[in-house]
Amino acid sequence: MLEADPDSVDLNRFQRLVDLAGSVAASGDDERVVDLLVRAEDLWEGEALAGLPGTWAETVRATLAERRLHAATSRIAALHRLGRFADSVGELSAMVRHRPEDETLAGQLMLAYYGSGRYTDALRVHQQARHLLMSVFGCRPGAELERIHRGVLDRTPVDRLVRNATAGASSGPAPGGHASAQPPPRNLPYQPPLIGRRSELEALMAAVSTEAREGPVLTLETVSGMAGVGKTAVAVDVARTLAPRFPAGQVFLDLRGHSPSQEPLSPGAALATLLRLFGTPADTIPVRLDELTALWRTTIADRRAVIVLDDAASPDQVAPLLPGNSPSLTIVTSRRHLTGLPHAIPLPLDVLPTDDAISLFRSFAGAARTQDITETARIVRLCGHLPLAIELVANRFRSRPSWSLTTLGERLARSPGPLGEIRNADQEILRAFALSYRALDTDQRTTFRRLGLHPGPDFTAESAAALLGRSPGETERLIESLLECHLLREPVPDRYRYHDLLGDYARMLALSEDGERDREQALTRLTTFYLRAAEQADRVAYPRRIRLTTEELPVLPGMRNADEARAWFTAERGNLLAVERHARTHDSRLSAARLAHAMAGFLEAECHWQDAADILQHAADHWSRTGDQPALCHALLCLSSNHANTGRYARAVEAGERALEIARATGDREAEWEAYRNLGVIHWHQGKYETAVALHQRALAIGVSTGNVWNEARSRNNIAISLLDLGESERALDHFRKAISGFRAAGDQSGVIRTLNNLGDLYSRRGDHTQARKTFEELLPLTESTGNAYAQATVRTNLAANLTESGETGRALALHQQALTVFRLLDDRKSQATAHNGLGEAHFKEGSVDASVDNHLKALDIARDIGAIPEITRALRGLGRIELGAGRLDSATQHLKASITTAHEANARDEEARAQAMLAEVRLAAGDAAQARELLQKALSVLHALDGREADRISSRLAGFGGGTVNLTTGE
């Protein structure tokens, strides 16, 4: 492995410059934005990985080219905001020649010409772009290009056009480069070329060409509600056809509106999936639906993507998924008529006309053996002109060279078979399914039926083997045979699923042809497989997690390390949740509860908190009913942590205290340590620092007595944090240093980073802002390398507070805002309050009083709602300072006295002292010098040992009263 200084790698230097330009753009310094991006682009020398063959190289080359293009368009946008239009004309002309279909570049070239006084050249660019889009892609220019065109025609001032232009990119590159770090998502399922549907496709293309400014929503629905009519095929064909027009991605999402074995995909789960497809890190995806919707619309706001939402259950399921004011195209398919969707253009689909149905059949069956149009017409009529049935029958006919069309027609005309009782609308397709099924041998039929019992969205050969009770080799051969008969699909390598209604048919056959005992045994084997696999994956992925004692089994293939185990969890999450639900609702509650425990570590680590809350509550209820105290203790610990993650502190404490009681009664020292740790953290969040210290000290004693170095280090770090809030900085420093040593001995780099961040906070509170800033700035790249979003946001918050103190409010505001975004995504409300208070203080420092008030009030609302006392006192102090500055002394007094009272009740001595110092200024302004002096002396008696800088300021203030010596021993 080649090791090199990161600064010696041009790509790293390029990305840092681009990131910096993105941060600077927020402050409006476009001259510096241009300079930084020019320096970034100067690092390029020709094409990346030039001459290197292979798919990987091609993928990386394309990705890096997009990042380079993004930097160039951002630089040009900044030039235009500076009014330097002529500087970009030559470069943009070359770029448009190279990428004539790119409407973003065309729009920028129009602006460059128009801003340079070349009115007709600007119009000519639009004319050429329109001609290309119409002739090649069959569509008109998008809304943004049309807006620029109208502006040029109307002689709108160019600065207004530039100011309102989205140009398909932000004004500066996004910090972190996440959006450009991966290719656009493209997961459209494979399908053969679409046959027929000419009028429907023309209507769709016309709708896209006249799209609303908000972005069109096209709903495809069937007039009869019948499945298999080809809704998905039409939607996917349109999406693929329009791919050049929507380069930011072509995405397909199954909403499971009519899945027989699974609940429809909730809007929250659907949004989380969409965000992951577009590159949002898992640990930044929020929990609440309103925040998911906001993040999704922010993510898609400036992207031109086409999104297919397949099999929607209702308008309520779809509405939160719509991208809002975005240039993207959304296509929704449903068996139902969807009403109430804004800007929706309905397009009902019926079965195929006879001519198109015949063409579809011949395309699958082959033209040579389908010359008899009369007999072919009879066959497609027996299939109900339904595309899915026609495809299945045609594929069957093609695989039987001895059959004639007459033979096939006679077979279709027979009784629909043992399941002929289904409703009349579906009798024709049943004939097609029955024909394919009867052609299978005994083992294939059994496989087809049994796989239909799987409750999840897809399956692998391993899980199928468990369900069938066969060896993996046998199972793979049987799956291959069903794939060849077109009775199964393989949408991604080694993962299989049924083709639309065939899953329904397989389950119906299993219920009618297999005995109840056989079905139960098959599903028990499947549940056992997932349970054992999940328990193994949990041990490999999260080796330090405390867990129930389970049988040690050989590690499954593809699960050799933590990354592979987490990847397995990610791929199987839908199946695991479906199997847990099936087990829980079919008298296998023990297996369901064990499966919930095995999944809990992954669901928490990847922030699937709602999934975890649902299954953990059921598990806790089960263990409570059965009286298994050790298992109940573990379930309550997981549940307590889950509640704490989402700010439900009262419920978190309740679960944690129950777990502690059980752990102590059963002598489970590890669980007892975890319970004390959980409760200590929760009380710290609530500002109950002395209680938090006591709880963490009990945890520390357990860690020391059991010789668990890692637990000991975690306890010391937690103790130090609470001591710091109590003003005992020397004791806190000692614990921090010992914690760092412990984490290093345990090999936990993330723990070292967290503790160093806390150490920086200690320096800051002591008034040593230089050392604090040095610590935070050294930590920031370390946190980014770990990929832990929470750690990154926390360090940004602390660094921002330090920058505010030193007067660098521009950078402080940007860092606070970045941190707030992450905390919202994580649904960490306590940290949201912290970030809002930080924004309030930075805005006040730069003179933006209204913004300061707004942020402190938001912090106060959140903190009061969840009981976060430190942020309550901080918000009240900030509001008091603002009222003092405005001369509203009574209101200032009210806020500051409330802050003092709240801090005193929580024994937050430093917060109380700072509020007292602020109240002294109010009293001085009111002419009460004696009380002002008394308040300052009280504040100084606390802060001289905690915050040297603030103590010096108060001492200087006291010296102004006269009288020489300042009494440092005055108590409260």
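**Salt bridges in a predicted model: exercises**

Glutamate 777 and arginine 773 form a salt bridge whose closest N and O atoms are 3.4 Å apart; the term denotes a side-chain nitrogen of Lys or Arg within 4 Å of a carboxyl oxygen of Asp or Glu. The model is predicted: local features need pLDDT of at least 70, side-chain atom pairs count only at pLDDT 80 or more, and totals for chains, interfaces and linings use all residues. Residues are numbered from 1 along each chain as its sequence is written, and side-chain values use heavy atoms, with hydrogens and water left out.

**Exercise 1.** Determine where glutamate 777 and arginine 773 lie.

*Solution.* Both residues belong to helix 34 (residues 769-786), four residues apart, about one turn of the helix. Helices are DSSP runs (H or I, at least four residues), numbered from the N terminus. Glutamate 777 is partly exposed at 32% relative accessibility; buried means under 20% relative accessible area, exposed over 50%, and partly exposed in between (1.4 Å probe, protein chains only).

**Exercise 2.** Describe the salt bridge between arginine 773 and glutamate 808.

*Solution.* The N to O distance of this pair is 2.4 Å. Glutamate 808 lies in the loop between helix 35 (789-805) and helix 36 (809-826), 35 residues from arginine 773 in helix 34, and the pair links distant parts of the chain.

**Exercise 3.** Explain why the salt bridge between arginine 594 and glutamate 535 ties together parts apart in sequence.

*Solution.* The closest N and O atoms are 2.9 Å apart. Arginine 594 lies in helix 25 (residues 589-605) and glutamate 535 in helix 23 (residues 516-541), so the pair ties together parts 59 residues apart in sequence. Glutamate 535 is buried at 9% relative accessibility, whereas arginine 594 is partly exposed at 29%.

Technical notes. Helices (H or I, at least four residues) and strands (E, at least two) are DSSP runs, numbered from the N terminus.
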